[in-house]
Amino acid sequence: MTDATFGAKLQRDGKTYAIQTRVPAGVVTPEQLETIARVARDYSIPLVKITSGQRFLLVGVQEQDIPALRKELGTLGTASIAPGVRYVQSCPGISYCKNGTQDSLALARAISDEYAGRDFPAKIKIGVSGCPRCCGESRVRDVGIMGSAKGWTVYFGGHSGFKSRQGEQVVTGLNSEQALACVRSLLSYFRDHAQPKERSSRFLERVGTAWINDIKKD
């Protein structure tokens, strides 16, 4: 991996790369969509894929085009690289969805802005859901926040990979400020005690969950 390809993923052909866009809370403007479409045409991108983390994946990028392509994407082209918060996904929440009970978009954006570019021992995926239908996949994310009529419930240690795990429920009935504070406490402990490349689910298997009780008391 060179400075030019840092953050881009080499593809199956061994020659071209894929670049993921940064899309906090999965929300894009019409102007950003137009930028993605223009860049895809100008650089002859053969595939534009929406990922499970609510980002756009530009597949088939030539190595020499990566720096210029990122520059033209602007804020969309900011590399999201492990270790760190890879993405914060969200459902439409109470602002738009008839089932929404909490403002998931606002909370997801706040978390995304706070942790953009910050280093952690391993990658972190975060999901925010505005109701118990859990469209933000909150129960299977490293940090999950799920809304209800009674407030936010925070989960930690979820994982949807080869060895899936539902996150541990940390605390419930929080307002948005309290939920954000809880996320800060969880990620601070994880950052200070996790081993390199140790995801939150494996971290809990190693250290247990007793420390979570201290966060519940805060």
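Me: What does contact mean here?
Reply: This model is predicted. Two residues are in contact when heavy atoms of theirs lie close enough. The cut-off is within 4.5 Å.

Me: Which residues does T21 touch, not counting residues up to four places away in sequence?
Reply: T21 sits in the loop between β2 (17-20) and α1 (30-42). Neighbours up to four places away in sequence are left out. The residues T21 then touches are R55, F56, L58, L73 and L76.

Me: Is T21 buried or exposed?
Reply: Buried means under 20% relative accessible area. T21 has a relative accessible area of 0%. So T21 is buried.

Me: Where is A40, and which residues does A40 touch beyond four places in sequence?
Reply: A40 lies in helix α1. Its relative accessible area is 11%, so A40 is buried. Not counting residues up to four places away in sequence, A40 touches I45 and V48.

Me: What distance separates the C-alpha atoms of A40 and D103?
Reply: Along the chain, A40 and D103 are 63 residues apart.

Me: How many residues does the largest nonpolar core have?
Reply: In soluble globular proteins, nonpolar side chains tend to be buried together. Here, I111, I126, V128, I145 and F156 have the most contacts inside the largest core. Helix α4 (residues 176-193) gives the largest share of this core, seven residues. The core has 34 residues.

Me: Which residues does I111 touch, not counting residues up to four places away in sequence?
Reply: I111 is among the residues with the most contacts inside the largest nonpolar core. I126, V128 and I145 are also on that list. Not counting residues up to four places away in sequence, I111 touches V88, I126, V128, I145, L180 and V183.

Me: How many residues are in the second, separate core?
Reply: This core includes Y17, I36, L58 and L69. L58 is also one of the residues that T21 touches. The second core has 16 residues.

Me: How many disulfides are there?
Reply: A disulfide needs two cysteine sulfur atoms within 2.5 Å. For C97, the nearest cysteine sulfur is that of C131, 6.1 Å away. For C182, the nearest is that of C134, 16 Å away. The count of disulfides is zero.

Me: Which is buried and which is partly exposed, C97 or C182?
Reply: C97 has a relative accessible area of 30%, which means partly exposed. C182 has a relative accessible area of 6%. Under 20% counts as buried, so the buried one is C182.

Key
Residues numbered from 1 in each chain as written. Predicted model: local features only at pLDDT ≥ 70, side-chain atom pairs only at ≥ 80, totals over all residues. Heavy atoms only, no water. Buried < 20%, exposed > 50% of the residue type's maximum accessible area, 1.4 Å probe, protein only. Helix = DSSP H or I, 4+ residues; strand = E, 2+ residues; numbered from the N terminus. Core = buried A, V, L, I, M, F, W, Y, C linked by side-chain atoms within 4.5 Å.
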